[in-house]
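Morning, everyone. Please have a look at the model on the screen.

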Amino acid sequence: MLVAMVRRLFGYVRFRMIGRGREAFLNAAAARGIPLWAIRKKGPDCGANAYARDYRTLARLARENVRMNRAEDRVRIVEGDLRAVRTLFPPASFDAAAANPPYRAVSEGKLPAHPDDAAARTETTASLADFCAAAAYLLPHGGEFTLCYPVSRLARLFSALTAVSLEPKYLTLLYPDAAHAPAVLVCRARKGAHPGLAAAPPVFTAHPESRRSAP
């Protein structure tokens with residue numbers, strides 16, 4: 001489930017469709033020339049990948065889908081700058097938050113040519129600290145923040161989380177396969193929690209149906 005929700009992303013995002021209207025949403029994306037791949041149905045849900053630069057268009061399609069299904073009273077799609085989250089939502093208004101922050105600082109390597117790709121991969125518009133601060137604002141005491149980040153920057157991640165009272169509580173390492181070291185992790189932090197970190201069994205992502213196993 002962790003791999004289905006927050007996968008190692010470099011220039012693309014993975015999203016999940018729940019409820020009715022999934023086929024209409026996919027057809028609308030295809031009609032607008034938005035490439036989707038790795039479309040996989042699992043139970044009542046359906047997941048797919050899209051390029052990061054197409055995600056704003058997908059947000060508009062999601063709104064259309066909500067209207068088609070007359071679900072306006074249950075679903076709201078919000079686009080905004082997370083650095084200005086205080087203008088979008090009141091404090092402590094969500095029980096949980098999830099994010100896939102950019103993995104690299106602006107000074108680390110060449111920037112992608114497309115602005116949306118650059119924003120998805122590098123901290124051109126928002127930093128890890130911005131993501132953590134937004135989550136801390138949105139969550140009540142005990143609320144949980146789940147995010148995906150490189151293993152090589154684990155110390156930076158923990159520092160950014162604890163600086164805003166988000167205590168790392170659960171850590172999962174994502175391995176390409178049994179022959180390679182993990183490059184990406186999934187961390188779940190809890191606002192206002194006492195120190196204490198639990199490690200989950202490793203997850204191998206190379207197999208289509210990623211499995212948990214001991215190294």
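Let me start with a question: is aspartate 81 buried, partly exposed or exposed? Aspartate 81 is partly exposed, at a relative accessible area of 34%. On that scale, buried means under 20% relative accessible area, exposed means over 50%, and partly exposed is in between, with a 1.4 Å probe and protein chains only.

A word on the source. This is a predicted model, where local features need pLDDT of at least 70, side-chain atom pairs count only at pLDDT 80 or more, and totals for chains, interfaces and linings use all residues. Residues are numbered from 1 along each chain as its sequence is written, and side-chain values use heavy atoms, with hydrogens and water left out.

Now the charges. Side chains of opposite charge can pair when their charged atoms come close. We call it a salt bridge when a side-chain nitrogen of Lys or Arg is within 4 Å of a carboxyl oxygen of Asp or Glu. This structure has three. In one of them, aspartate 81 pairs with arginine 83, with 2.8 Å between the closest N and O atoms.

Next, glutamate 144. Its side chain forms a salt bridge with arginine 188, at 3.3 Å from N to O. Arginine 188 sits in strand E7 (residues 184–191) and glutamate 144 in strand E5 (residues 144–150), so this pair ties together parts that are 44 residues apart in sequence. Strands here are DSSP runs of at least two residues (E), helices are runs of at least four (H or I), and both are numbered from the N terminus.

Glutamate 144 also forms a salt bridge with arginine 190, at 2.8 Å, N to O. That pair links E5 and E7 as well, 46 residues apart. Shared partners join Glu144, Arg188 and Arg190 into one network. How exposed are they? Glutamate 144 is partly exposed at 22%, arginine 188 at 29%, and arginine 190 at 28%.

On to the packing. A nonpolar core is a set of buried Ala, Val, Leu, Ile, Met, Phe, Trp, Tyr and Cys residues joined through side-chain atoms within 4.5 Å. The largest has 26 residues, and those touching the most other members include Leu128, Phe145 and Leu157. E5 and E7 each supply at least two residues of this core.

A second, separate core has five residues, among them Val85 and Tyr137.
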